[in-house]
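Here is my note on the model you sent, as numbered points. Please keep the structure open while you read.

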Amino acid sequence: QVQLVESGGGLVQAGGSLRLSCAASGSFFSINAMGWYRQAPGKQRELVAGISSGGSTNYADSVKGRFTISRDNAKNTVYLQMNSLKPEDTAVYYCNAELYTLGLRRSNYWGQGTQVTVSS
C-alpha cells in the first residue's frame with residue numbers, strides 16, 4: 001500500500017515563508033510526476049506546482065517567482081518552498097504522486113492535506 005505523508009503547514013504572517021514536504025512510502029516500482037495542489041474554502045482544487053521525474057517544473061501563474069518545487073528521488077520526497085506568502089495562498093495543500101506499482105500499472109495517489117494559513 002502506498003502512502004503520501006505531508007508535513008510543514010501552519011500559520012504564518014503575510015510575507016513569511018513555509019516549506020512543505022511530502023514523502024511517499026510503501027511498495028511501488030517508481031515515481032513519475034509529483035505535484036502540489038491546493039483547495040481554498042468554496043473553491044476548486046487547483047494545481048500549484050508540478051515536477052517530472054527528470055526535474056522539469058511548472059507553476060501556476062499566481063505562485064511563479066514565489067514558490068519553488070523540488071524533489072529528492074532517493075528519499076521519494078517532494079518539497080514546496082513558499083516565500084512571500086500572501087493571504088490568498090491560504091488553503092489546504094495536497095501532495096500528489098503518479099507512480100508505477102510493482103505490477104507496472106500507473107496509479108495516482110493523494111496525501112491527506114496540510115493546512116496553510118497566511119494572516120494579513
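1. Start with F67 and M82. F67 stands opposite M82, which lies in strand 8. Strand 7 (residues 67-72) and strand 8 are antiparallel and share 6 bridges. Two strands count as paired if DSSP finds at least two bridges between them. Strands themselves are DSSP runs of E, at least two residues long, numbered from the N terminus.

2. A word on the source. This is a predicted model, in which local features need pLDDT of at least 70 and side-chain atom pairs count only at pLDDT 80 or more, while totals for chains, interfaces and linings use all residues. Residues are numbered from 1 along each chain as its sequence is written, and side-chain values use heavy atoms, with hydrogens and water left out.

3. Strand 8 has another partner. Look for A23: its bridge partner in strand 8 is T77.

4. N76 is not a glycine. Most residues other than glycine have a negative phi. N76 is partly exposed, with a relative accessible area of 26%.

5. S84 is found between strand 8 and strand 9 (91-100). Its phi is positive too, near 50 degrees, and S84 is a residue other than glycine. Is S84 buried or partly exposed? At a relative accessible area of 40%, S84 counts as partly exposed.

6. Last, G113. Where is G113 placed? It sits in the loop between strand 10 (106-110) and strand 11 (114-119). G113 counts as buried because its relative accessibility is 16%. Set aside its neighbours within four places in sequence, and G113 is in contact with E6, V92, Y93 and Y94. Contact means heavy atoms within 4.5 Å. Y37 and G113 are 76 residues apart in sequence, and their C-alpha atoms are 9.2 Å apart in space.

How values were computed
Helices (H or I, at least four residues) and strands (E, at least two) are DSSP runs, numbered from the N terminus. Buried means under 20% relative accessible area, exposed over 50%, partly exposed in between (1.4 Å probe, protein chains only).
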